[in-house]
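Subject: A structure for you to explore

Hi there,

Here is the structure I promised to pass on. Have a look at it first, and then read my notes below.

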Amino acid sequence: MLSIPQIYRIGTMFWDDKYGTHGLSPDGTPVSIIVGSHVCAEDPDEAWIDGEVIGIEGRNATIVTTEGKTIIADISNIYPKDTEAPPAGVDDMTKLAYLHEPGVLHNLASRFALNEIFTYTGNILMAVNPFQRLPHLYDIHMMEQYKGAAFGELSPHLFAVADTSYREMINEQNSQSIFVSGERGAGKTETTKMLTRYLAFMGGRSGTQGRTVEQQVLESNPTQEGSHDCMAASVVLVNLSRSNLISMGISRGLQFVHIFLKGHVFAKSLTQKGTTIAFTCSLQRHQRDVKKFKLGDPRSFHYLNQTNCYEVANVNDAREYLETRNAMDVVGISQDEQGCHIPCGTAILHLGNIEFIKGNEADSSKLKDEKALYHLQTAAELLMCDEKALEDSLCQRVIVTPDGNNTKPLDPDLAALNRDALAKTVYSRLFD
């Protein structure tokens with residue numbers, strides 16, 4: 001298993017006047033690069049190319065690549081290559097001769113070519129999104145294989161991580177957390193769902209209202225997706241966080257799994273895709289609730305029209321909305337609570353449409369027009385607050401001092417920022 005310093009040093013090298021350029025072996029021993037060394041060098045097209053050092057002069061190394069091309073690279077930007085690495089790669093990065101970026105990437109690519117998308121680095125599991133369905137990796141047969149197996153005994157798999165955490169929770173009576181991290185599109189949501197599926201599979205078969213524990217957890221998936229990442233290409237209301245956290249604990253002798261996916265409102269970006277609660281976008285497909293929550297075409301909402309993408313291929317928004325509402329029932333969210341969450345979600349959309357212009361006083365602001373007034377009134381109605389108080393909270397700032405409160409007007413730009421901050425806070429509190 002890697003130590004914390006070694007993990008931080010993976011993919012890095014350092015140059016030393018006495019010994020030249022070094023890489024790190026798994027035990028942290030520095031490795032010298034000399035004439036005749038097989039190395040990896042940076043390439044603008046291929047990222048990394050293999051070659052052999054035929055000369056070193058100062059900080060420059062002359063390298064003949066495997067394609068027969070001669071290049072000159074800075075000695076601090078070349079990395080030793082493991083010439084004895086197996087063609088299919090290794091299932092644990094700690095088995096690599098050298099721990100650096102090209103070595104790690106080459107190992108992942110070698111395994112990916114064989115549809116081996118999981119690789120360990122000690123007790124850390126790395127997964128590469130296959131961008132295709134691999135149902136055999138997640139079926140019941142696979143769950144049965146990893147059930148009770150020692151970590152590392154079988155091929156790398158997220159079920160091994162889930163099983164280890166589950167066993168630790170049951171045997172040691174210690175709460176556990178599984179941290180899923182990655183860039184957008186890396187597959188965090190799918191990984192989280194599969195972890196949830198395994199934990200539900202392990203969590204027992206007793207249930208309520210005719211449903212097993214597993215069924216209840218799996219039926220709650222639309223709630224997770226709807227709250228954070230279902231309409232993945234449609235809006236800029238929420239900027240998907242780069243990590244998901246699965247928490248497990250013991251409660252009154254029963255095992256339970258809680259999925260914590262913290263999102264936050266994203267003010268605006270014309271280049272970054274965002275996500276939103278599925279029902280706030282798909283309600284427009286469900287005509288019964290359109291009038292109730294005063295929704296319209298998503299193109300008319302500022303928080304939804306920044307990406308120019310309003311539909312996802314092969315996704316039925318009306319069905320997704322109904323599944324989300326059903327999932328809320330399954331996980332025990334009462335109709336009263338749903339009646340609070342959905343208006344808050346739609347109120348956020350109306351907040352985003354409130355625009356400001358310069359007010360009569362210096363550095364002050366006021367509502368731009370009747371359209372802004374309509375959205376203010378609608379947001380206030382949905383949030384069940386006073387319309388004038390909401391307007392004042394957007395256009396003014398209250399400074400608390402020992403001598404009392406002072407009110408300071410905000411210019412249009414600051415008022416808009418204040419509006420976005422309020423939208424972010426309201427959304428965040430829905431999940432706190």
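At what angle do helix H13 and helix H14 pack, and how far apart are their axes? Keep in mind that this is a predicted model. H13 (residues 387-395) and H14 (residues 412-429) pack at an angle of about 120°, and their axes are 7 Å apart. On the H13 side, the residues that meet H14 are Leu-390, Ser-393 and Leu-394; their partners in H14 are Ala-415, Asn-418, Arg-419 and Leu-422. Sorted by class, this contact has four nonpolar residues, two polar and one charged.

Next, find helix H5, which covers residues 188-202. From first C-alpha to last, H5 reaches 21 Å with its 15 residues, close to the 21 Å expected at 1.5 Å a residue. Because 12 of those 15 residues are buried, H5 is largely enclosed by the rest of the structure. Among the buried ones are Lys-188, Leu-195, Tyr-198 and Phe-201.

A polar atom of the Thr-192 side chain lies 2.8 Å from the backbone oxygen of Lys-188.

The buried residues of H11 include Gln-338, Ile-342, Pro-343 and His-350.

Enjoy exploring!

How values were computed: Residues are numbered from 1 along each chain as its sequence is written. This is a predicted model: local features need pLDDT of at least 70, side-chain atom pairs count only at pLDDT 80 or more; totals for chains, interfaces and linings use all residues. Side-chain values use heavy atoms; hydrogens and water are left out. Buried means under 20% relative accessible area, exposed over 50%, partly exposed in between (1.4 Å probe, protein chains only). Helices (H or I, at least four residues) and strands (E, at least two) are DSSP runs, numbered from the N terminus. A polar contact is a pair of N or O atoms within 3.5 Å; within protein, one must be able to donate a hydrogen and the other to accept it, and residues adjacent in sequence count only if both atoms are side-chain atoms. Axes are lines fitted to C-alpha atoms, for helices over the stretch in contact, and angles run from 0 to 180 degrees between N-to-C directions. Contact means heavy atoms within 4.5 Å. Ala, Val, Leu, Ile, Met, Phe, Trp, Tyr, Cys and Pro count as nonpolar, Asp, Glu, Lys and Arg as charged, and the others, Gly among them, as polar. The expected span of a helix is 1.5 Å times one less than its number of residues.
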